[in-house]
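Biologist: I'd like to learn how to read this structure. Could you walk me through it, starting with the strands?

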Protein chains: 6
Amino acid sequence: MPVPSLIALLRARGSVLSSWIAMPEPLVAESAARAGFDCVTLDMQHGLHDPVSIMRGIGAVALAGVPAIVRVPVGDFAMASRALDMGASAIIAPMINSAADAEALARATKYPPIGERSWGPVRAMQIAGATGGNAYLQGANAETLTFAMIETRAAVAALDEILAVPGIDAIFIGPSDLSIALSRGGHVDPMDAENQAVASDLLARAHAAGKYVGMFALTGAQAKLYLGLGYDFVALGSDDMYLQAGAASMLAEARAK
Amino acid sequence: MPVPSLIALLRARGSVLSSWIAMPEPLVAESAARAGFDCVTLDMQHGLHDPVSIMRGIGAVALAGVPAIVRVPVGDFAMASRALDMGASAIIAPMINSAADAEALARATKYPPIGERSWGPVRAMQIAGATGGNAYLQGANAETLTFAMIETRAAVAALDEILAVPGIDAIFIGPSDLSIALSRGGHVDPMDAENQAVASDLLARAHAAGKYVGMFALTGAQAKLYLGLGYDFVALGSDDMYLQAGAASMLAEARAK
Amino acid sequence: MPVPSLIALLRARGSVLSSWIAMPEPLVAESAARAGFDCVTLDMQHGLHDPVSIMRGIGAVALAGVPAIVRVPVGDFAMASRALDMGASAIIAPMINSAADAEALARATKYPPIGERSWGPVRAMQIAGATGGNAYLQGANAETLTFAMIETRAAVAALDEILAVPGIDAIFIGPSDLSIALSRGGHVDPMDAENQAVASDLLARAHAAGKYVGMFALTGAQAKLYLGLGYDFVALGSDDMYLQAGAASMLAEARAK
Amino acid sequence: MPVPSLIALLRARGSVLSSWIAMPEPLVAESAARAGFDCVTLDMQHGLHDPVSIMRGIGAVALAGVPAIVRVPVGDFAMASRALDMGASAIIAPMINSAADAEALARATKYPPIGERSWGPVRAMQIAGATGGNAYLQGANAETLTFAMIETRAAVAALDEILAVPGIDAIFIGPSDLSIALSRGGHVDPMDAENQAVASDLLARAHAAGKYVGMFALTGAQAKLYLGLGYDFVALGSDDMYLQAGAASMLAEARAK
Amino acid sequence: MPVPSLIALLRARGSVLSSWIAMPEPLVAESAARAGFDCVTLDMQHGLHDPVSIMRGIGAVALAGVPAIVRVPVGDFAMASRALDMGASAIIAPMINSAADAEALARATKYPPIGERSWGPVRAMQIAGATGGNAYLQGANAETLTFAMIETRAAVAALDEILAVPGIDAIFIGPSDLSIALSRGGHVDPMDAENQAVASDLLARAHAAGKYVGMFALTGAQAKLYLGLGYDFVALGSDDMYLQAGAASMLAEARAK
Amino acid sequence: MPVPSLIALLRARGSVLSSWIAMPEPLVAESAARAGFDCVTLDMQHGLHDPVSIMRGIGAVALAGVPAIVRVPVGDFAMASRALDMGASAIIAPMINSAADAEALARATKYPPIGERSWGPVRAMQIAGATGGNAYLQGANAETLTFAMIETRAAVAALDEILAVPGIDAIFIGPSDLSIALSRGGHVDPMDAENQAVASDLLARAHAAGKYVGMFALTGAQAKLYLGLGYDFVALGSDDMYLQAGAASMLAEARAK
Ligand SMILES: [Mg+2]
Ligand SMILES: [Mg+2]
Ligand SMILES: [Mg+2]
Ligand SMILES: [Mg+2]
Ligand SMILES: [Mg+2]
Ligand SMILES: [Mg+2]
């Protein structure tokens, strides 16, 4: 049974909530998938993954029936191609600060004529249940999504040029980095008012350009807020947070007077 | 900084709450340790571990400053010795149904003259901060704890003989298996009244014999109950449960109307 | 989508062909599953597995939609329980030479009242798509199969007692070991006439007792022969053989004059 | 016993057939080596490797007595250096589209004065049986081969400049990507007539420049064709293909009527 | 190039010095092999191995051209068979305290008619360069060695019965455990005079019975002593000791005034 | 108990001796830490690591109470950020040949306003015992050190510009590569007189600019020399050297006449 793609879920559900996984253990990703998230993001940038843990995580998440997204390290566009070959349904690339960055990203994630993604999707075709090379080739550019992260002053300034790059399907706002950038290193505070105002402007401009917009939420309340504001893809918490929150809640009950 | 032993915690705190880890990823065990549990049990019987994941998990839990306990597979007393060599602070051995089982367990977990544990604690001495072989040898039998699991009709009948075996420091009640045994395969229900009555009797008899008693709780409320009843060592939930509980709680908040 | 159980396939198809996997790499098992085998056996006895590679292999095979069987090391009945907990659809236990061996095997693989399998099937319930503990408990004894390997003179002599042990659902003939035993170490030759005659007698007696019978085939021709003789479960070749056969065939074509 | 280098095999045999390995399991690479290939290529670009699986695979292939080649991810020239340090006998770098790309590749794979490969070949010297640092340093540039992949329109146009870059010992044609590029994303078809014509022209020009030429063949028949056309290094199939071909052939025999 | 067997080295060199490896990293075992030891023992009893790290370690040690020996956990005779299948040249089994223990050991390590080792040496045949099943079967009982560890009072008392068990090729003295046993838990001191006297008596009796004798040495001086006393197989130190000794020596030189 | 940072050790001790680890096994790194080094460097450039082995190694080294440093592959500044997120106390980046290289390095290793390091130090905060995001953010730029490797003619020429780049805290001299560069590929000889003279000049200029200077020593005697010359951070030998030196010393003693 092929796993639905992220874009299919976005079309069917309007918006999605994604889990966020830092630990290089497929069972953790699979457990999150079984907990009710629409999809699971495996984070290579700040998470603790190898390429192989990404590959195994994508399989584990597929076994639970949901699509996997991969955030690659800064500038590692070769890994973006590899993650798609491993069956990722979307790529999130951090620190896309210019049209040139966006072009390099699209080149790695889209087949010709849009980009220059190289051919070799053996694993992706297994995960997707694809039946033939040419069919996969014709569908891949539309069926897999490329998110450019907007999280610096330069990126905010270059947003329109970035949105205009063919193959950039979506942006993903990095609210912590954005708050550090806006405060010039003064603080990390995603919910800072200026930060939220800039984010809302990014959301509006990206939607106006016909692109999806993703956002990272540290709490359920933040996620609810973002869904209400119209964000399409909301990542919520992380594996360590789920584990510690669940454990703390059970411990509190056990130790209650 | 050496990690406190389980027995030191029991003496200092009266009772302890242990995490329960099935996934073979040290970061999961370490995260649970950081969530506030007094100690962490790595489960090889129903969990998904290899010997090496146990060894790495013990190190990870030590980095978080708490002792690790290992539950070994049924009858795998060689693994009990190995887990102690890897630095485990206590062993939980399932399905100890007779004095002969208990003697085999003690033989593997205690040095002469009590048992026949074989010498080779290089890693354990690093984890414990031990300074010399003879000092470790002299202290190990008292500093590491051996739990015999009582979870069948035969074990209940043989309890007094099991408690009388030198080197058995504690029992651990397996409430799910006990309920299956008492119902002759009819159901699994740890909170069944007959089951709880038998467990309470085991608790009383073991305490009367001067032994510690452990119990497994599926929820915080069960753990609170067991602590109130006088159980010394209460294991609470499992890694998959923490993860799914934490994730579900955040998802519910995000999706609340 | 839950994976079909081995017994469901046996009922639906009459007989099955199983792959045989020695390498501790889930992708190898999954590739074999995708090649058209009805099911995949992961071999811990002569294969090169750890418990964790078994667990990951079962998941990989499930992703390809077929059930996994695990052959455990000689006498490692604790591992038989663990493999069932990891989601194995059947267990093959080598060197079951007496009713006592068979009873120990059944004790580990069947819940009360048949045996004493211990409760903890968290992963198995995920793989099977089980919805509740009591439902799993009630179904597991019938839904998972226990194969006793018959491969020594003692086992042949004790066959009827072994078949009479409750919880032994099937036998699996080890034709290489049987030929070594029958020749008292003289040769290894599964197709030796005496060996085949003894095997046919075992097949007839086990079928008469209402048990399934498995057999190992080194070649497709042998497998075809066994299917024709009425064996229910035929394991065919191994991962190293598939790899080398496929490679050799392509190399031969490339180097043809 | 030191393993022969790829260049030694090319000199001795005129041309070589290489296996192609995507799975991160050293036993798979070793099995392919034992199947009769002259050498084994470990593919990091579209394969499923980590740096550590490459290192272990090179050792496994050496144990079988043949040299290993590593294809690195797009633009990951640091990994090219690392693979040589791990004992690779040659590097294949994808998407070398310009003289600048080729220079960056040569800088990473050749010691001064040709390039700027950094010193640290501890493992490579073990694999090669090298006896001293200066001897290794003096021989390495000639004894290890650098393949630039030619697989885009830009690369075809820049071929002569690429061939002129010191340190580029060979080209490797990526026939699938070339066919996608030539059809501007229209299809993937390595055997397309235009594609083969362009490839033959590349072969002739590279040979005229005194460089080796590699090619990827999906079938034994394609490999035979390429050897006949004068390609020096022909990669044939992949691990998943060997496995599935071998398994399918045995299954077909077993199920034959 | 097949690796020499341990017995071939014993015949050729009279006695051998073995490395001792606890860490589950093949490169550590291979490094020790390259340091000049005649052979390498991988220790599963007090070491930190999984079955898979044993398998990979045997391959790594073979790449360095020397045979590997495996010490299995207490009573894990199934692992003894598996280690031979993985290519071990000898097995060391701890805590063989009676003829019954020795018989169980021989049953697992010798093919019929001596024992009941099960057939499946695919990997061992690759490591040994074996050419056919029957040839391997006929040679294996003589070409691989089985060491029974003598390290308890019971074992000392039963030595003659143990030596009389067919298939027991050698004994290995565990000097630390023996000293603990002789002192009834009072101390661990391999060089204690009584301990050495008992060991010398074991050596003489085993040699008189035509068996090889192994011994563990903590220092080079101890090893020299044992070689002088006529021990055939002397294990020396361990990986952690080599590492710390080499590091400490370099640090001392660096910090010298 | 938080681990001291490298900069804290430098301040407290004036200079430090670092171990150097190539093997991807945390126990090797931990063993070196326990041998008395002030800190441990994990080498990804010429060593045999994956990102995950770096993450686990940092934890293992922390368990032994000392800080970890990571040398990243050439140009892999994304990995520099990731290593800091994993808890590295300092980064060593090879082949920093220009101010532009140094700026890219600082951008990845320093938060705004110095650089553009991205936010996500969950693991680093655990290792450092950090208590809050803003506190970590404010301290990180000063508490973690960035070493630029100077090891080419271009780097020597550009030293002053490199030292002037904000965020470059230190240089690390690569004496082998420098000797190859100075001899234009003629030899590798760190102790060559010209090489040492250039190194001393680099040391003086970097110290004059208020930067720390690191150096790699192959022997204890070289390390002693460098400490005497005023180098702040001296890396000494490597894991394979410790292992082989310790083993060789014990073997020599054992085989002494
Ligand atoms: Mg960010
Ligand atoms: Mg139980
Ligand atoms: Mg058999
Ligand atoms: Mg290509
Ligand atoms: Mg011993
Ligand atoms: Mg260098």
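Modeller: In chain D, 8 strands close into a barrel in the order S1-S2-S3-S4-S5-S6-S7-S8, with parallel pairing. From one strand to the next, the twist averages 25 degrees. One caution about the source: this is a predicted model, where local features need pLDDT of at least 70, side-chain atom pairs count only at pLDDT 80 or more, and totals for chains, interfaces and linings use all residues. Residues are numbered from 1 along each chain as its sequence is written, chains are lettered from A and ligands numbered from 1 in the order in which they are written, and side-chain values use heavy atoms, with hydrogens and water left out.

Biologist: What counts as a strand, and what makes two of them a pair?

Modeller: Strands (E, at least two residues) and helices (H or I, at least four) are DSSP runs, numbered from the N terminus. Two strands pair if DSSP finds at least two bridges between them. In general, strands of a sheet pair through backbone hydrogen bonds, either parallel or antiparallel. Here, S1 (residues 16-21) and S8 (residues 233-236) of chain D run parallel and are joined by 3 bridges. Look at Val16(D), which stands opposite Phe233(D) in S8(D).

Biologist: Which helix lies across S1 and S8 of chain D?

Modeller: That's H13 (residues 239-255) of chain D, running at about 90 degrees to S1(D). Angles run from 0 to 180 degrees between N-to-C directions, with axes fitted to C-alpha atoms, for helices over the stretch in contact. Contact means heavy atoms within 4.5 Å.

Biologist: And in chain B, how are the strands of the barrel paired?

Modeller: The pairing is parallel in a closed barrel of 8 strands, S1-S2-S3-S4-S5-S6-S7-S8. For instance, S3 (residues 68-71) and S4 (residues 90-93) of chain B pair over 3 bridges, and Arg71(B) has Ile92(B) as its bridge partner in S4(B).

Biologist: Now the interface: how many residues of chain A are in contact with chain F?

Modeller: 24 residues of chain A touch 23 residues of chain F. Buried area is the accessible area (1.4 Å probe) that two parts lose on being put together, summed over both. Between these chains that's about 1800 Å², with 58% from carbon and sulfur atoms. His46(A), Leu48(A) and Asp50(A) supply 30% of the area that chain A buries against chain F, more than any other three residues.

Biologist: How many salt bridges cross between chain A and chain F?

Modeller: The rule (a side-chain nitrogen of Lys or Arg within 4 Å of a carboxyl oxygen of Asp or Glu) finds 0 there.
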